[in-house]
Amino acid sequence: NQTILIKNNMHILLTRPLADCSDMILRFRALGHEVSHLPLINIIPVQYKEIKISDFNAIIFTSANSVKFLNFKNIDKKTICFCVGTATEKKARSMGFQNVIAAEGNVNNLKELILQNFDKKTGKLIYISGEIITTDLDRQLIDEGYDIQRLINYKVNYNSKFDENFIKELKLKIPDIVYIYSQNSALSFLNFIKNNHFESLWMNTNLMCIGEKTSSILNEIKWKKIFLFNPGEEEFLLYKI
């Protein structure tokens, strides 16, 4: 799954699982860029105790994976869904949800959206998420007086085995841009860099991270510049360099 494509313009490294970035690979290729794919993490479902989603008045999704791994049996697709961004919204709608409200790609915006659109007197919220989260959204909403329960339905494993030929090629052609989407991916990428003794090779590379917590993990590596972004802004960032 690790392939380097023909270089025409900038060399871009994408690090999400292939299912989550295949469209972007094609888009960047169409723009004339070289794209390398280094999947840093695996997303796997977690067995969870079945609860009656019908007991809740709204659902919160903070990733497309939280939608993907939810058991949809006996769920009313008219239930209000709050989604962190457009990718999560698209996934929720593809599963049949009809009443979807999406934020602009980060949890702080999502919290404000919930505060504005869901009266805490209306009823209970259920927050579907992965095992590790960057922001304690449920705790923050509890502090605002909301009745909310969190359900964990997936977790992340770090990839540790990579094709040796890919690693050699990458070392010869260090990317101009790297996109990192989570703290888990940042930790996995840091391990990859150190395990392959790549620490000193990134001074001409722009690092694109979702959030300061994610970028801080990679601060010990010297980068050309670090940018923070929301999902959906990847192509826009190309024009800021």
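**Entry 1. Arg93 and its partner**

I began with Arg93, which counts as partly exposed at 40% relative accessibility. The model I am reading is a predicted one. I then looked for the partner of Arg93 and found a salt bridge with Glu89, in which the closest N and O atoms are 3.2 Å apart. Both residues belong to helix H3, residues 86-94. They are 4 residues apart, which is about one turn of the helix.

**Entry 2. Other salt bridges**

I next asked how many salt bridges the structure holds. The count is 5. One of them joins Glu34 to Lys173, with 3.4 Å between the closest N and O atoms. Glu34 lies in strand E2 (residues 34-37), and Lys173 is in the loop between helix H6 (164-172) and E9, so this pair ties together parts that are 139 residues apart in sequence. I checked the accessibility of each partner. Glu34 is buried, at a relative accessible area of 0%, whereas Lys173 is partly exposed at 36%.

I also looked up Glu220, whose side chain meets that of Lys194 in a salt bridge of 2.9 Å, N to O. Glu220 is in the loop between helix H8 (212-217) and E11, while Lys194 is in helix H7, so parts 26 residues apart in sequence are tied together. Is Glu220 buried or exposed? Its relative accessible area is 52%, and I therefore record Glu220 as exposed. Lys194 has 34% relative accessibility and counts as partly exposed.

**Entry 3. Aromatic pairs**

I turned to the aromatic rings. A search of the whole structure gives 15 aromatic pairs. Among them is the pair of Phe82 and Phe118, which is edge-to-face, with 6.3 Å from centre to centre and 90° between the planes. This pair links distant parts of the chain, 36 residues apart. I place Phe82 in strand E5 (residues 80-83) and Phe118 in the loop between helix H4 (107-117) and strand E7 (124-130). Both Phe82 and Phe118 are buried.

A further edge-to-face pair is formed by Tyr181 and Phe229, with 5.4 Å between the centres and 85° between the planes. I noted where the two residues lie. Tyr181 is in the loop between strand E9 (177-180) and helix H7 (183-195). Phe229 is in the loop between strand E11 (225-228) and helix H9 (234-238). The pair links distant parts of the chain, 48 residues apart. I found both Tyr181 and Phe229 to be buried.

Which residues form one aromatic cluster? I list Phe162, Phe189, Phe192, Phe198, Trp202 and Trp223.

**Entry 4. Charges over rings**

I then looked for charged side chains placed over aromatic rings. The charged end of Lys124 sits over the ring of Phe56, 4.9 Å from its centre. For Lys77, I found the charged end over the ring of Phe97, at 6.0 Å from the ring centre.

**Entry 5. Cysteines**

I searched for disulfides and found 0 in the structure. Cys81 is in no disulfide, and its nearest cysteine sulfur, that of Cys83, is 5.8 Å away.

**Entry 6. A parallel sheet**

I found 5 strands forming an open sheet with parallel pairing, in the order E2-E1-E9-E10-E11. Its edge strands are E2 and E11, each of which pairs on one side only. On average, neighbouring strands of this sheet are turned by 20° against each other, direction ignored.

I then asked which residue in E10 stands opposite Tyr179. The residue is Met208.

Key: Residues numbered from 1 in each chain as written. Predicted model: local features only at pLDDT ≥ 70, side-chain atom pairs only at ≥ 80, totals over all residues. Heavy atoms only, no water. Phe/Tyr/Trp six-rings, centres within 6.5 Å; stacked < 30°, edge-to-face > 60°. Helix = DSSP H or I, 4+ residues; strand = E, 2+ residues; numbered from the N terminus. Buried < 20%, exposed > 50% of the residue type's maximum accessible area, 1.4 Å probe, protein only. Lys NZ or Arg CZ within 6 Å of the ring centre and 35° of its normal. Salt bridge = Lys/Arg side-chain N within 4 Å of Asp/Glu carboxyl O. Disulfide = S-S within 2.5 Å. Pairing = 2+ DSSP bridges. Axes fitted to C-alpha atoms, helices over the stretch in contact; angles between N-to-C directions.
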